[in-house]
Amino acid sequence: MAEKPKLAFYWCAACGGCDEAVLDLEEKLLDVVSSADIVFWPVALDFKRRDLAAMADASILAAFVSGAIRTTEQQEMVRLLRSKSQLVFAFGSCSHLGGVPGLANLWTRDTIFQTVYTENASTPNPDGTLPQLITVEDGRELTLPRFYDTVQTLDQVVDVDYYLPGCPPTPKILLAAVNQLLSGQLPERGAVLAPDHALCEDCPRRDSHPDHLALDQFKRPQDVLIDEGTCLLAQGILCLGPATRSGCEAQCIKGNMPCTGCFGPTSRVRDFGGKALSAIASVAAAKEEAAILQAFENVPDPIGAFYRYSLPSSLLRRRRLQESGQLEAAHSPTG
Amino acid sequence: MAELQQRRISIDPVTRLEGHGKIEIFLDDKGNVDHAYFQVPELRGFEKFCEGRLAEDMPQITSRICGVCPTAHHMAAVKALDSLYQVEPPPAAKMIREAVYSAFVAEDHILHFYFLGGPDFIVGPSAPAAERNVLGVIVKVGLKVGQQVISARRKLRELSAVVGGKAVHPVFGLPGGVAKALKHEEQAQFAQVARETLDFAAFTLETFEKLVLENSDYVNLIRSEAFTHRTYYMGMVDENNQVNFYDGSIRVVSPDGREFAKFHPKEYLDYIAEHVEPWTYVKFCHLKPVGWKGFKEGANGGIYSVGPLARLNASKRMATPLAQQAREKFFATLGSKPVHHTLATHWARIVELLYAAERLQQLSSDPQIADPAVRTLPTQIPREGIGIVEAPRGTLIHHYQTNEKGVIQKANLIVATQNNAARIAMSVEKTAQTYVRNGEISDDILNMVEMALRAYDPCLGCATHAQPGCVPLLIRTRDPLGNIVAVLYRDTDGHVRRNPDLPLG
């Protein structure tokens, strides 16, 4: 009998939600493990880094990597996985676009450091103890990975063959990708494995979306009773459905809350937040500056609204380091 | 597997838990353990990048701290928003929240017992590494039972999705309520799943009793000194001192079981403080009135733990009949209260699974849960809000300060695994000292060390939502009593100095 193809799952700066999506394959996970061997998956299996390092190069058919990259350890692990794997899949918003942890690119390592270790309300730390790269206690040397100023997407660190969007990707998206992989029917390298059109086209509330929307003001969801049948944008609630790639099964809409953009852009868009901002701006009625400011008064956090999952992959990428006196190159892999 | 390099063993990464962790064990000349460290080598940075975000986005942004327990962060955040806007959700909204939360706790406890920690008992601590996992569990208990596990988990997660849109990172929580009401057919689905979950919980308890309690090797292991620490315990209780996951006061008992404190969530800063060590990114919570005395157990050390075992120890009873019955057997069998045996946490988790299922059944059979009124619109100017829930892994605190537009100015998040971090570090060291002898190292010996860790079901992603900076080198030298006698510090420019400002304690 021929040896089964090998798969690996790994997480970097992630929350484990993508691993839960694997578990959410439920019974179908048993089908997957009957046709492939999972040789590395820290959340569920007892294989260690050393076991991975001992494998032959390209001996793994595909590695699914979730999470953004922000420490030396994560960088080493994805390079190791790249060399051991024929294909690498960016699995979920964080490895695809930077994800929610990518919002840390609004700050520097040092400002974050002050917040957490010296100014924090429950952390009395008058001596200013900080985590160190190397600590030696009585001759015992302990090391921690270095922490970069800048959160990076997976393809900013290693070559990526395919992308699975979503926070997390749905089990359906994952299963379709695994089936394409195992049957040798993957599309052209570099593809995002999800429908290439906007969520609005598949939205269960599509029929109530007016042809021409002209909003005087956006509303915050806690300030209005949200109708369960009507297009959220038509109700004045900021919904990113017009700019976001479909494939999520409109889960948030079914929860009676707006789309926040976790599936990212379609293939025709370079910068998701820019596209989302432009789509939303086009439904505002106002043409004069004062009226425009009034319309967007309830959108006081545009980065959180439009770049929540995609700041590291955007044209902005991060807040300029020079402004805070940091000279470290923001875009270098060691930055 | 271990990497032995000059009297040093690394377990990297620790597996079958959420997030990144490693264990470093240092051996002496005879090959016995000199010292063992549990390190958390990852961070993200939520407390900082929550600043500038909208308060109402916190339930969805902070759920990304952890995809295993997103509903816990979502709920702590939503309760903090109620407090921030001083708004009381309608009764149906509270019931929907607690029903979803009960379903989530049940599902998460099932995940731990069958997928994460349980394989050590069900398949066996010394089974080959390749079999010590959920697939090995299915081989051991049979495909039929395996399918029951999968089905129970799936149905509970479907309940979260019915209300919250998604099971991973739900979207239903708003200040003053939930985004949509529960329809009658959905209520019927909740009631049906509650019944099935209760059956499954009872089956799980039977399985645990048969596989673990009837095996004297396991019982001796649970009772052994290697897996025992006499610490304080913390958990949320209702007005009758019964375990409650969703709401109540925080109760702390001392190592001898007496009530040490009972406080309102708003008073948490008077009772909880965090200590920073240079060799890990996680901060160590301790009882503020006792203070940080190092990694020392007993009433004079300020270390406490949270989670299933701690909740049973910190409460007086369970609020539902079957869980109460299981709880009585738990304490009668283990002989004392509090129970200090870390591995008993697995049993306590199943007692709680019963409670979660019974509570889900109570809520889903109450007609009021389907009342269409589920929103109270906020009218107050926001300023500050604190929300606490019991996450499956223990007490979880969200604390926000905002400007008058509800934009976050400061966020403080204390998660279950931070509360447990000091006791976890002690557990890793004690089991390493017990099992690693005379330089003998094997996979199953090292797995015993990981078992101590897994009992807590630690969530290291949660524990390191924070994110630090770094300076290159710190050297601390201690006298035989553990006091630090010298500190050498190398600055970023390579300049080495003795720094009197650095911590000596």
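Start with chain A in cartoon view: 11 helices and 9 strands make up its secondary structure. Keep in mind that this is a predicted model. Along the principal axes they fill a box of roughly 65 × 60 × 35 Å. The radius of gyration of chain A is 22 Å; a compact globule with 335 residues would be near 20 Å, so the two agree.

Colour chain A by burial next. Of its 335 residues, 62% count as buried. Then turn to contacts within chain A. Take those between residues at least 6 apart in sequence: 75% of them join residues at least 24 apart.

The accessible area comes to about 12700 Å². Carbon and sulfur atoms account for 52% of that area. Now colour the charged side chains of chain A.

**Chain A, two local stops**

Select Cys167(A) and Pro168(A). The peptide bond joining them is cis, with omega at about -10°. For context, most peptide bonds are trans.

Move on to Ala250(A). Look in the loop between helix 7 and helix 8 (251-254) of chain A. The phi of Ala250(A) is near 50°, a positive value in a residue that is not glycine. Most residues other than glycine have a negative phi. Is Ala250(A) buried or exposed? Ala250(A) has 3% relative accessibility, so it counts as buried, the cut-off being under 20%.

**Chain B, confidence**

Colour chain B by pLDDT. The mean for chain B is 88, and 90% of its residues reach 70 or more. Select residues 1-5 of chain B, where pLDDT is below 50. This stretch has 17 contacts in the model beyond near neighbours in sequence. Then jump to residues 466-475 of chain B. Here too pLDDT stays under 50. For residues 466-475 the model has 58 contacts beyond four places in sequence.

Zoom out to both chains for a moment. The predictor gives the complex an ipTM of 0.93 and a pTM of 0.92.

Select Ser160(B). Ser160(B) belongs to helix 7 (residues 143-164) of chain B. Ser160(B) counts as buried because its relative accessibility is 4%. Which residues does Ser160(B) contact, leaving aside neighbours within four places in sequence? Show Val100(B), Gly165(B), Lys166(B) and Ala167(B): these are its partners.

Next, find Asn241(B). The loop to open lies between strand 7 (232-237) and strand 8 (249-253) of chain B. Asn241(B) is not a glycine, yet its phi is positive, near 60°. At 10% relative accessibility, Asn241(B) counts as buried.

Finish at Lys337(B) and Pro338(B). What is the peptide bond from Lys337(B) to Pro338(B), cis or trans? The bond is cis, with omega near 0°. To place Pro338(B), display helix 12 (321-334) and helix 13 (345-364) of chain B; the residue is in the loop between them.

Definitions and conventions
Residues are numbered from 1 along each chain as its sequence is written. Chains are lettered from A and ligands numbered from 1 in the order in which they are written. This is a predicted model: local features need pLDDT of at least 70, side-chain atom pairs count only at pLDDT 80 or more; totals for chains, interfaces and linings use all residues. Side-chain values use heavy atoms; hydrogens and water are left out. Helices (H or I, at least four residues) and strands (E, at least two) are DSSP runs, numbered from the N terminus. The radius of gyration is taken over C-alpha atoms; the globule rule is 2.2 Å times the number of residues to the power 0.38. Buried means under 20% relative accessible area, exposed over 50%, partly exposed in between (1.4 Å probe, protein chains only). Contact means heavy atoms within 4.5 Å. Accessible areas come from the Shrake-Rupley method with a 1.4 Å probe; for residues, only the protein chains shown count as cover. pLDDT is the predictor's confidence in each residue, from 0 to 100.
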